[in-house]
Amino acid sequence: MRISMEEDKASVSDLLKRAMDGDLEARGALLAKYKPFVLSAVSKVLGRFITDCDDEVSIGLQAFDEALLKFRPSKSTSFLAFAGLVIRRRLVDFIRQQKQKRGNEISLDETLNIEDVDQFEAVERRDEIERFKAELAGFGIRLEEVAENCPRRLDARERAQQAARLLAEDDSIWAYVQRRGHIPISRLEGASGLHRKTVERHRVYIIAIALIYRGPYFYLRDYLEH
Amino acid sequence: MVSKKGVLMQVSGNTGVVLTRNGQFRKVRLIGEGPYEVGYEVEYQESLVTLSTVALVAAACLAVVVLSWSVLTSFRPGLLQGRVLAYVSVDINPSVQLGVDERHIVCSAEGLNEDGRALLAQVPTSGRKLHDAVLDLVSAAVKAGYMSHGQENAILIASVPGEGDSVPEPLLANISSIKRDVERELNSRSISAVVESVSGGSELRTKARELNISPGRMALALKALSEGAELSEDQVRRGLLGQIAGGIERLKGFKLGDSKPKQIDELLKQFEGKKLKFQSSSTPAAEQVGSESSDDRRGERENLGKEHVETHPAGGKPSNAKPSETKIKDSRASDSNGSHSQGQQRNDEGRKANGRGENSKR
């Protein structure tokens, strides 16, 4: 589930461009990278937990692939939302086929317009936000507190985000955070060279951002990346 | 007021919490058409403060008051001047002393030597924040060539209370941050300098004023004397800071900033009984008052040069010998080595000024 944000920022749009131009390697890389996303999208439509063996997973992966080919970049639409929507449509088609046992392909050539994608994205994001808030509450943090403790200055924020990234990417540190509900400042300090005060002052913010980085919040993450 | 966009995370009425693309969580006022739904990207206003008309009017009134206050204080520093909280002296070699009020705003400024006065004429200080004033003074001093790359530069920032026994803690904290910023400023111009700060008590204030020496030099001299150095009045008045300390390295070693104001005052008392060198020879300086003709000055400069060199043999260590004719002759030879001649020149100019007996309380 872990996705390195650094890497993402630099390479996703590049990979996407290459994949759309027919670069198979880039397509493979994106598929691998977004497999957790595809799994989560599929399981959400089905409303149950899934494993790699389920047929629906391959439908989802195919849909993602299809999205790679069909996506036309625009300023307002995110690829992730587009892909999410394609996955859902294909799965719904698949389920219908299963039920009716007849080829019903009406939606296959249906064009997806921007409003659809945007709305889909917003709805997906709303789900994520609700889960995110619940997870924050597990740390005893309210969303207002995050807003109140959010570093205003860009450089301070970037430092805090860097700390959050370290938290999210190190399994043992993250396990500690989850168990104790607070940040192991000395370990983080050692790992990042960040000042202890930076970490202490922005504790709430760092936890919130680390949750987004680490948790199943594809759309929120996607929003932050661009 | 700029409107920005973010994903709405939580909403109540027309305020909400948004997450922006650059990772800010903000509590904001939402603009644009409702209803607002969580998950959508929304526009918001920069500030959550609801600026009703009343508040706007209040803000405007406040602005007028603040504006007129700052205008008044900048043109007539004395007019609204509160009591002087503390005096902060800056010795670069132009030496200046700034009086600050409880808001750490400069409310009086005086040059403690000719160079100091010239510097103050260039740099506006009254009505400004102490921090900004000091940094500008340092910048101007660099521009004027008082400090440069490759030289042994030193800056001493000293504070003494205006009233009461000691300088309040917040001001000391401010001064140490000023000190850091001065260091940074000099670093950025790749000028190496020892920047020290020191704080004294009321005793130091009184004594420094009495002798018309900057509290910084006074404290430094006391510290040096307590470590066994012997200093002449001229050295204390006009010597380079590094030389008073007996070398630029020792100046750092003194850790003046660490000494408690009480310690400095104690030192002062300790020396009170004994006759301080620089006290005993203070009379000639006083006699300089009024001797303004250029001839006199020239004579004075020459004279000074000798004295000055006498106290600083080539190594820069304080001389253990008392001033004497022979000594002067000896060291004149070392003068031709020229190691300190630049410093001398500059220091000399301050001499006449110091004799005048300035008083900053105007």
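**Reading a buried strand and a nonpolar core**

Strand S5 (residues 86-91) of chain B is largely enclosed by the rest of the structure, because 6 of its 6 residues are buried. This is a predicted model, where local features need pLDDT of at least 70, side-chain atom pairs count only at pLDDT 80 or more, and totals for chains, interfaces and linings use all residues. Residues are numbered from 1 along each chain as its sequence is written, chains are lettered from A and ligands numbered from 1 in the order written, and side-chain values use heavy atoms, without hydrogens and water.

Me: Which residues of S5(B) lie on each side?

Reply: In a regular strand, side chains alternate between the two faces of the sheet. Here B:Ala86, B:Val88 and B:Val90 are on one side, B:Tyr87, B:Ser89 and B:Asp91 on the other, and all are buried (under 20% relative accessible area, 1.4 Å probe, protein chains only). Strands are DSSP runs of E, at least two residues, and helices runs of H or I, at least four, numbered from the N terminus.

Me: Which strand is joined to S5(B) by 6 bridges and forms a hairpin with it?

Reply: Pairing requires at least two DSSP bridges between two strands. S6 (residues 95-100) of chain B runs antiparallel to S5(B), with 6 bridges, and 3 residues lie between them in the hairpin. B:Val88 has B:Leu98 as its bridge partner in S6(B). S5(B) also pairs with S8 (residues 153-161) of chain B, antiparallel, over 6 bridges; there B:Val90 partners B:Ile157.

Me: Which residues touch the most other members of the largest nonpolar core?

Reply: A nonpolar core is a set of buried Ala, Val, Leu, Ile, Met, Phe, Trp, Tyr and Cys residues joined through side-chain atoms within 4.5 Å. Among its 42 residues, they are A:Phe132, A:Leu167, B:Met9 and B:Phe25. Helix H12 (residues 203-214) of chain A gives the most to this core, 10 residues.

Terms used. Buried means under 20% relative accessible area, exposed over 50%, partly exposed in between (1.4 Å probe, protein chains only).
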